[in-house]
Every structure is written in structure tokens, then in C-alpha cells.
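Student: I would like to go through this model with you and ask, at each step, what a label rests on.

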Amino acid sequence: MPSSRRPERPEPATSDPARPLFRFALTIVGLAAWLVPDWHRAARRCQWQADLCERRRYLERRQAFGVSPQVDLVGRALGVFRHAIWLRTSEWRLEVLLQDVRFGLRLLVGRPAFTATAVLTLGPGIGATATIASWIDALVLRPLPGVMETDRLVEVGGTDGLRTGLAMSYPDYVDLRDQPLPGLAGITCGTFWPMTLRVGNQADRVWGRLASGNYFDLLGVRASQGRTFRPEEDQTPNTHPVAVLSHRFWQRRFQGDPGIVGRSVLLNERAFTVIGMAAEGFYGSDVALESDVFVPMMMQPAVTPGDLLQSRGNHEFKVQAGLAPGASLARVQAGVDVLARRLARLYPETNGNRGIAVLPLWRSPQEASSVMGPVLAVLLAMVGVVLLVACANVASLLLVRAAPRQREVAVPRAIGASRGQMVRQFLTESLLLALMGGAAGLVMVRWTSGLLAGFLPATPFPFFVEAGLRPRLFLFALAVTSPPVSSSARPRRCRRHGPTSCPRTLVTVAREEIQARLGRFSVETMQPVNRALDDALGLTRG
Amino acid sequence: MPRTTLSLGTVAILRAIASGNRFGFDIMDATGLTSGTVYPSLDRLESLGLVESTWEDPRIARRDKRPPRRYFDLTAQGEVALADALERYRSFRPVSAVVATPGKA
């Protein structure tokens, strides 16, 4: 008579010294059973062994239980490993994980005060950290938006024994350009200069960039309208008055009018023809500075004072170069050292004490990232401490909340839920909390990122940082929040003591848990940290 | 009942159970499938509600000195699903026939 109840305790399979292969098959299913989650391990072992025994009885009745049928049984026994692995992995199937997420969301929604407290604690911490991270991303990791392969772009600057990364003269640049240097794919130079742009009766102060003819090609920047410079436009001084506008300036000043291409504008009272607009998202090749207009280098005498193109002693230009694929800085440096020594011999008055150094963008003293990078790193460390305090607070909240949940854990454990299932459920809840806190923090970034720019000193330079929400920032927020919050959420107490010890008083369990998990760190270490932060923020009373 | 597309192997297992093969090795013999395929499929079918399993009375198993067996039976849903699947598979025609009469494909 079949019964719907599971067997309370499976009978041990009959041992039979005369049937070594059959015993081997029983051993195999016994081993496979260890892969099965413990809450239904016994039932599965019983099912497999019963099938083997039934087949043996059937074959023995027909007097056909020879070697060949036993080998077949061994094959079938080996097949149950696949079943065991399927049972083990089925705990991590997508629908099961979604079930955990739904259950976790129900729990968080069911405790709105706790959820709001945790999210409002985590949100500002994540928001502050993500704000600084967004600036580091914009200034150091993605310093020149719109430029292809920024990591291969280097700055070639002068050195004078004390300083490095100095501006260079145009004749020095020409020598560098015309000398075949190993490891360099191309070299460009330019300078950033204020200009007056006049159209009709309206004159505007703009920031222009004098750029060599290969400027856009080297940076991998195309024109969104019209074209960029042609090589012949950078050959002879004062002969090709053409200009390329930045996309943002075109939108701001000319409201995106495509008819501006081919029209004439006055730059420092000299007529220039607008030949095109640079690609959207390109702001120039100066970190954190936005260029409005690009003019060929050969038009320098028309837009800036003096003739800088002939003077070797006038160090006015920033030189940038693209590394060839596979080239190293050291290899390029060796090549420019040879050239620098030759220039020092040839022009001792202007180049006698000058060398040439090749620097990555982030180390160049001419770039804002070299100044702002260390400041931002210190800021990141500070807000990281704030985030750590927030995470510690939320971890404490979770631990306190874990105490009354002991019964909540004990009941599923008693009816067969595995440890893995409980740990996965707790981790899912913590991750959901981290995600909600991260989302709150990232909402903050939209405003705080702009607010940070307000703390910069007033400057006539067109300072521009494209900091904001980016996909990698989401990953950063998740990465910095999840581990500390999640690691505090494991039902270790219940695991250690088992279900019987779970109904304990909230206060006892919470106190023990906090002392055990955070202990000296929580009580002794965090208090000075909190006090120091209070002092720093001016919150200390009296 | 959620409409689930059953694979050929799964239909074979359902049909074997409907034919009176009620436990693991009998189903393997009837379908020609391996134990690594049949056991997970049975669990999946049970979670879909197409089959149900019952354990043999432990007293009988103890008397026979062997572990109790796990029997599988079709549910009402399983019978409907099997009938649907068989009808669908029977409606299949050889590709050559479909090519010969494209208008009736």
C-alpha cells in the first residue's frame, strides 16, 4: 500500500558478498548522496537504493543476475551523480533566486522603519563616496572625453633640472615632429588662449585653442558637421584663416545652426571661416578645460601677440603625443633624450639647460588631474571612512534585528531548509538593502556632483568636469556597499547553536552578537572615529 | 495550468508512467533514457504538477528487507499535458511532405 509520507529512515541496503559489482553500485549511490542537499539526502539515497534492489530481485527471480546486468546497474548508479548535481544546483536556479528576492522585498517592505533607517544611513555615505568617485572618474580615469585611446596619449614637456612638464617652443616641437622617434605614432602641439569672437555686432569672450594640423587626427576626433583641419592649412603662416567650433559652443552660441559652416566670423578682429564642428562630447585636449574654438597653429600671429612660431626661447606650447601600439614610455624617453642633447648642443642659449620628459597624462603638471588627483584621493579616503561608519551602523542594525529573527530561522530549519538556503536568503536581503542604499546614494550624486564644483575657487578659466552618473559608478557603489553589509547578515548564531537555542531574548542575543562580531572594534575603535568625525564637522558640544 | 513545452524525452517519460511503469528503473527501461536523465526529469515533472510521487509503506519494505520504493503517477494535469503533447507530435509530418505541399504546411 503506497504511502505519501517520506520514509523516516531508509533501511540499509542488503549487503551481499557474492555480488561485488552490485555492492559497488550501492556504494556509488551512497557517495552521490553526499552531493545532495542535506534536507532530502536520505530520501534520495533511499529512492536510488530501492530501484537498485528492486532490479536485483527482478533479475534474481529470472535467474539472470550475472555480471553483465550488474555492470549495467553500475552504469545506472553512476548516472545518479547527474541527478545529485542537478539537485544541488537547483537551489541556485533563477526562479529560486527570484523567489528569495520576492521574499526579501516583502520582509523589507513589511518593516518600513528599519528599511528607511538603513537606506537613509547608507544613502548619504554612498552618495558622498560616489560623488568623489565620479570626479576621479572624470578627471583621472576619463580625463579627455571624446578622445580615442586616452591611455596611449602622453605629454612631452621640457625639464630644467628642477621642474618637469614645462611648455615647449614651437621650433622644438618641429624638431620633435620631424625627427623619426621610435615608439611614437604622432605628435601634436597647441596652446590655450582667450580670444574675442565677433559675429555682426555681438562680441563674445571665448577660449580658443591653437592646434597643429594633425590635432584632430591624432586624437581620433571627427567633425559632427563640416570638416576638421587639412594638412595644407598648417603649412604656411597666416594663409588659412579657418576655425572649427566645439559642439557645445556651437549649440550654445549658434543654437546648433548648421548654416554657420562656411560663414565668416571675426576672431580677435581677423576674419576666419568656420569649416566645421568637432564631434559631440569632445571638449579639447586640456584636462578639465573646455575649448570653444580651434584654430590652425599657423594662424598664431593673427590671434595671439608676438610671433611664437619662430622663437625657440618662447616656451608657450603644450606638446602631446600618441604612443605606438606596444611602445613603452622608457623607449620613447630614450629617443627624446638623444634629441634633447642634440638641441642643447645646437642651441645652447635657449636649450642649454633644458631636457625633454615624456609623461603620462595623469602625471603631467600642466594638467588639472595632477593637482586635483591627490586632493580627490584624500577626499575619497575621508568619505570612505564616513561610508565605513554608515556600514557599521547598518551592520549593527542588522545584527540587532537578527535576534528576534532567530525563531524565523529556526522554523524553516526545523522543517528542512538547508543552511545554504538560509544563508542565501539572508544574503539576498542584505544585497537588496545595499542596492536600495546604493540607489538612494546615486540619486544624490546628480546634485552633489554639481555642488562640489561650487567649492572650486573662482577662476577666469573655463573649468569643466563632466562628472555624473555612469554605469561604472553603479558598480562602484554596489562594490563598496555590499560586502560590509552582507557579511553581517549570516545567521551564524543559529547555525552555531541550532534551532533549540533560537528563542532567546532580544537583548541578550543582540548584545552577545554585537560583542562577538564587532567587539572591541565596535566599542573602542568606532567611538574615537565617531568623535573625530564630530570634531571635524564641528558637531561636538560645549 | 501554465502551458509548458515538453521535450520529446519528457513526453516519453510521461507516457511510460501512463503505461504502468511507476518507478525509476522501469521508466528507464521503457524509455531507453539514462538514470541521469530520468531522475531529474521526474523531479521537474513533479514540481510542474504533472506527476506525483508516493513512498511505499515502510512496513512492507522492512518485511522484504529492502528500502521503500518511490512510485510515480500521472496527475490529471499530467494526463492532459501528455495528450496535448502526443497530439502535437502526431501532427508532425516529414519535411519532404511539407515541401511538397507548402500551402498546407
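Student: Where in chain A is A:N268 placed?

Tutor: A:N268 is in the loop between β7 and β8 (270–278) of chain A, where helices (H or I, at least four residues) and strands (E, at least two) are DSSP runs numbered from the N terminus. This is a predicted model, in which local features need pLDDT of at least 70 and side-chain atom pairs count only at pLDDT 80 or more, while totals for chains, interfaces and linings use all residues. Residues are numbered from 1 along each chain as its sequence is written, and chains are lettered from A and ligands numbered from 1 in the order in which they are written.

Student: Why is A:N268 called partly exposed, and why is A:Q255 called exposed?

Tutor: A residue is buried if 20 or more other C-beta atoms, placed from the backbone, lie within 10 Å of its own, exposed if 12 or fewer, and partly exposed in between. A:N268 has 18 such atoms within 10 Å and is therefore partly exposed, whereas A:Q255 has 8 and is therefore exposed. A:Q255 lies in the loop between α8 (247–254) and β7 (264–267) of chain A.

Student: What is the phi of A:Q255?

Tutor: Phi of A:Q255 is near 50°, a positive value in a residue other than glycine, and phi of A:N268 is likewise near 50°.

Student: How do you know that the span of helix α3 of chain A agrees with its number of residues?

Tutor: The expected span is 1.5 Å times one less than the number of residues, so the 24 residues of α3(A) (residues 67–90) should span 34 Å, and the end C-alpha atoms are 35 Å apart, which agrees. The buried residues of this helix, including A:L73, A:V80 and A:W86, pack against α1 (20–33) and α2 (41–61) of chain A together with α2 (24–31) and α3 (35–47) of chain B; two residues are in contact if their C-beta atoms, placed from the backbone, lie within 7 Å.

Student: What makes β3 and β4 of chain A a pair?

Tutor: Two strands pair if DSSP finds at least two bridges between them, and β3(A) and β4(A) (residues 202–211) are joined by 10 bridges in the antiparallel sense.

Student: How many bridges join β3(A) to β7(A)?

Tutor: Two bridges join these antiparallel strands, which meets the cut-off of at least two, and A:L197 has A:L267 in β7(A) as its bridge partner.
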